Amino acid sequence: MLGDMGAIEDLLRRSAFVTIRTTIRYWRDTPTYVRALEKHRAHPRIGELLRGWTGHSESSADWWWRLWLKRPRWIRIEELTDDGQTWITSGGDGERSWNLGRRGKASVWKDRSIGLLTAPGTRSRRGSLEANERGGGLDILHTHTHPIVAELVDPTELRWNRLAFERGPDREHLGRRAVTARTQIPNWEGWEPYGTENLTVADDYELLIDAATGVILRFARGFEGREYGATEMTEVAFDEDLPKEIFQPPGDRLRAVDEQATCTLRLRMAQTDA
């Protein structure tokens, strides 16, 4: 059994998977979020955030993504609209990155994020490229996805060493054994509120952590005794045999219209009568 704070931190750093396929939802009751900000507005950065806040008329936020990832270099991410339609699809296969918009505007380019990471002597987010590759690092996740998504799949980016966890009962979630962990920000005066997309201003947080992989299945935020938002996986599967075609641009639907010396290709949807 995982019984102490150190064990929770170790679990969050486990990252024990090769592939993941998941759908992730971020939702928030915005008026409650604004009340949480108001509660802590004495913090200079939170006060700054409130002064620049433009979402006061927004009643809620509800964002969705679908993700396919194979370590260390292959990724596909779909951003979804409110009605579940795919808005933007993007990905990378280790050599190329690509982006396909809903209106057919698309581009494919040499994957500079991989090129930069593989340059001699360079260092990735967690050490040398060689060590990162051997360990199946997740740099490709952070260069291609929104931090809301990346922080669930790779929670090593969050500053857990500054938090004290309370271990809750294990439970089943999405058909998997999950460890419950609860925490609070002990002092907002000593915390940087812009350092994360999921540890946003709240009274408390509850995490459901996959016991086998260390991935966060659900990250909930509470204020004044009730949950006002969460980032959560609605489905997840690990270590499937994902076909390589998932990570490649849909070339049969595109054609090149120009090529630059930078190896950038700008593409558009082929005309239906072509």
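**Note on helix packing and strand pairing in the predicted model**

1. The crossing of helices H2 and H3 is left-handed, a term used when the near helix is turned anticlockwise from the far one by less than a right angle, right-handed being the clockwise case. Helices (H or I, at least four residues) and strands (E, at least two) are DSSP runs numbered from the N terminus.

2. This is a predicted model, in which local features need pLDDT of at least 70 and side-chain atom pairs count only at pLDDT 80 or more, while totals for chains, interfaces and linings use all residues. Residues are numbered from 1 along each chain as its sequence is written, and side-chain values use heavy atoms, with hydrogens and water left out.

3. The axes of H2 (residues 30–39) and H3 (residues 44–51) come within 9 Å and cross at roughly 140 degrees. H2 is therefore oblique to H3; angles under 35 degrees count as roughly parallel, over 145 as roughly antiparallel, 65 to 115 as roughly perpendicular and the rest as oblique. Axes are lines fitted to C-alpha atoms, for helices over the stretch in contact, and angles run from 0 to 180 degrees between N-to-C directions.

4. On the H2 side, Tyr33, Val34, Leu37 and Glu38 meet Ile46, Leu49 and Leu50 of H3, contact being heavy atoms within 4.5 Å. By class, this contact has six nonpolar, no polar and one charged residues. Here Ala, Val, Leu, Ile, Met, Phe, Trp, Tyr, Cys and Pro count as nonpolar, Asp, Glu, Lys and Arg as charged, and the others, Gly among them, as polar.

5. Thr30, Thr32, Tyr33, Val34, Ala36 and Leu37 are the buried residues of H2 (buried: under 20% relative accessible area; exposed: over 50%; partly exposed: in between; 1.4 Å probe, protein chains only). They pack against H3 and against strands S1 (19–29), S2 (60–70), S13 (216–223) and S14 (226–238).

6. Strand S11 (residues 176–183) runs antiparallel to S9 (residues 166–167), joined by two bridges; strands pair if DSSP finds at least two bridges between them. Glu166 has Arg182 as its bridge partner in S11. S11 also pairs in the antiparallel sense with S12 (residues 204–210), over six bridges, and Thr183 has Tyr205 as its partner in S12.

7. S10 (residues 171–173) and S11 are antiparallel over three bridges, with Arg177 in S11 as the bridge partner of Glu172. These two strands form a hairpin with two residues between them, and Leu174 in the turn has a positive phi of about 55 degrees.
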